[in-house]
Amino acid sequence: MPINKDPSTPPPVIGKIGPYTVFMTPPATPKPPESPAAVSQKPNLPPPVLPPPQQFKSVASSEQDGSVLGFFKNAATKVQNAHSSVDDHLVRWFGLNQSKYQWALDEYYEGKGSKNRKKQEEGFRAFKRTKFCASASFYPEPPSASPSTLAAMIRGGRSHLTSPPSFSNDAKKLLVCTGNTVSVFSAATGLQITSLEGHTAPVTTLLVVPASTAAQKILSYCWTASLDGMIRYWDFSGPELLKTVDAKVPIYSMVIPSLLSEPQQVDSSKLVAYVSVEDASLVKEGSKELRGHIRRFDLAKERLSRGDTLKETEEPKSIVISPSGEFFGIRHKCKIHVWGVPSGGGSRNAVAKKMTLHHTKVINAFAFHPTERIIAAGDVTGRVLIWRGFGNRKLALGSQKKSVRSVVDLDNPGVRDGDDAESCTTWHWHSAEVNVLNFSSDGAYLYSGGREGVLVVWQLDTGKKKFLPRIGSPLLYFIWSPEPTLSSVVCADNQIHLLKMPSMEISRTISGIKVLCVFGFQPPPSLPKMYEGLSSTVAFDRSSGIAALCTENYCVQLYNLLNDRGISEVQVCERNHQPGDEITVVVTAVALSLDGSVMSTTEVKLPEDGIGGLVSLKFWESEPDNKTFTLSTIVYEPHKDAGVSAIAFHPTRSMAVSTSFGGDFKIWVCNSDKSQTDKDSSWICHAVGSYKKKPMTAAAFSGDGTVLAVAAENVITLWNPDKNILLSVLGATLTPITKLCFVGKSEFLVAASNFPKPELSVWNTSKLSLSWSYELRIEAVTSAVDSSTFAVLALVPKSFRKSKSKKNIFRGRDGAILLFNGSDPKPVSIWTVMKAQGGSISFLEGDKSQLRLAYVNGSHEYVVFDPNSDDTHERSAIGYEGLVGDEETGDFGYTSLYGQLPDYDKKRKDDAESLATPFVSSERPWETIFSGSTLNFPPLQKLCGEFFESLMEKSNSVVE
């Protein structure tokens, strides 16, 4: 075949034609006109491919045919058209019409083939990378997201626990590591002022450059290090990024001794840092080689080399530095390794000297004295050890060696294995491991804390102690500010308390979202696995953007998602924090009314040795302008001995419904709503219902409140809530239904079931029929109040996430949010998310002009965004084939949605064989021929044959 060497024909390019990626030939470059003679000499040949003839619609359409045959022909045609339309959509959605070359073209086009499209969708991809960074603890966050994208999203709920916070030099600001950013809070108000954004992985180290004089306290500079391998130098008053250093390996901890030892002579071009990194480049997969390295880096370079390695460990360790900058060390099992910083802050050629202190238990924390050679350490048993005079031999320099020679040979009480220390003293008060150790600025006191939630103050000379009790959560960090009257303590429940010293009074609290309750998204241990996903531990007040979250210590925390701050807490069951307490009570569900004025909770007191156990249903009322809830009504054993599976509130009235595994549901009303007075706010039972003694697993009110839908295991029952009358029953699912939600004020109802075969189905309550369904495991469902939009949070099958072709799309994300519009089975938008298991979603509609969608992941991190904004859309970012596949059976395409089709070929063969034998017409076959779903209609020949056979009279004998 000759090669076309015509220079006017450009090479083909890759582009899109409809849903397909194809090779396209651009228009040829026009040639100069040829002479008339040359044109006339060319034969006038017909084109190789003729266009199809023009089609005309028949005037005598069968739709206008009023005959019986025409009616059934039209019905069969509509069925076939529906089949064809569904098949056509499924073929496009699942890529069944694409070969491996088509997939390759798609991948090339998405990555390289279209620069213009890449620019147009830059906002989409930026949002895909950033919008769930709050939930993706180790997922990159781009530094250059567009302003419109950042304005459309609100992220929060991130952990405050990844690294110790740090005060500014004037003690007016508190810098806190929150995921990939550093948040700057006001110490006076506790509100966030600004943030330092640029790292693409969690920030692990935060060092504020100290001021050497009073005049320098206005300076606001800091160093940060992150798991992205970057070291950054900031002016956090701006904020402004001043310098970036690439370490090339994840950094878990970093210290810069010269910032403390010689702050007045600090030169950023001569700084030396000691860092704890993880270097797996030389470690073979599955080997036990050491990944953690303590290295020395020169911060004058923008790209660091490997650096000098001081110590190797199994995993990276946290580095602790002395307040004077003379020593730094790490804890490793039962040992503390201490290095002396060379004079001059650790020059490039100086060698750091090392010594080791030994203990019999694993050391959990340690700290250096600010002025003397004293180390305090806490172990896992709660003991506090004080080593005095450490390093007088191994770490002494110059004249220090002469002054300590006389004490080298003396007995060292409490010192083990010939350690270089004068003495070792042991104190014991804590009943569990010690997490916090820090000396006061003058060195006279030692502060310790642990799992008890108590801050203990030890007088270093006498060992006497005093306490700050009932903080309410295990302590993780204790930090002093440059102002002696201010300090902070960080707790394991994601709270930072600012303390007035020396009285240790809590003046203000910076509150993040607390950690999950014990069971989280799991049901109580007594429930079967099929009821997974029933517990609802997050509820939303749509009008104000407030979330109610079940947390530890039997609390419900009210958190403002729009301002990223805690509002109040509701103690569902009284309990003082005690380390090692067994869990005896579990808050299994929380629900809020549509206006957020009423809250309901359920709690289960677990039986002891199979004896006892109590279920309580509580209603809480709040003031109109205050989100502080007070207990209104408590109902013990609302459903006899059975647990409460779900709670739902009426959209407009003071009415609620609770369902039970015992086979009944109860409708509750407030006395104020019943008597039309506000004096009595208690709740009473209005009605009780059941259906064939089946477990009631979910409930939902319609948008106007006239219909109550209750899931009776695998069927949906529709009730009149006022008269308690059963209206109708919707079909049956294969597994128990765990979630119900009406789509706004429309007639559509969304149902979800999980185990053993997950399913998402949409029902038409006016036609009492199934509209469509997907084989998806759903974690949460939400619907807009005034529109037909609804969204679901689905778990993506593991087999689909781990496929080679989809690894770059998901990158560890385990879920997806699908946005639907009414009865259309095709999602409007899809967003992939992390930590979807145990997550929740809800629309926020306080601002009528803008609809927002809130996603709270399984770790209580969240993002709020506009689902209809082009800046935050990720339309069709992933295919549908993985979301609807059956992970266990391996079904795909049409079969995964609707199951196996009947074998009509076998039926036709059986019918043909039956014609050769005496045949007796069935009795009234037209009554059953059209029963069932339209998707299961027989072919046209079968329909017509059965119908005409019912009209014709046949002989009972065989005609010879």
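Let's start with an open sheet of four strands, which follow the order 48-49-50-51 with antiparallel pairing. Strand 48 (737-742) and strand 51 (769-774) stand at the edges with a single partner strand each, so one side of each has no neighbour in the sheet. From one strand to the next, the twist averages 20°. Strands here are DSSP runs of E with at least two residues, numbered from the N terminus, and two strands pair if DSSP finds at least two bridges between them.

This is a predicted model, where local features need pLDDT of at least 70 and side-chain atom pairs count only at pLDDT 80 or more, while totals for chains, interfaces and linings use all residues. Residues are numbered from 1 along each chain as its sequence is written, and side-chain values use heavy atoms, with hydrogens and water left out.

Within the sheet, strand 50 (residues 759-764) runs antiparallel to strand 51, and five bridges join them. Trp-763 stands opposite Leu-770 in strand 51.

Now to the rings. The structure holds 24 aromatic pairs (rings of Phe, Tyr and Trp, the last by its six-membered ring, with centres within 6.5 Å; planes under 30 degrees apart count as stacked, over 60 as edge-to-face and the rest as tilted). Phe-327 and Phe-390 form an edge-to-face pair, because their ring centres are 5.2 Å apart and their planes stand at 65°. The two residues are 63 residues apart in the chain. Both are buried (under 20% relative accessible area, 1.4 Å probe, protein chains only), as the table shows.

| Residue | Relative accessible area |
|---|---|
| Phe-327 | 7% |
| Phe-390 | 1% |

Ring pairs also link Phe-327 and Phe-390 with Phe-366 and Phe-368 into a cluster.

How values were computed
Axes are lines fitted to C-alpha atoms, for helices over the stretch in contact, and angles run from 0 to 180 degrees between N-to-C directions. Buried means under 20% relative accessible area, exposed over 50%, partly exposed in between (1.4 Å probe, protein chains only).
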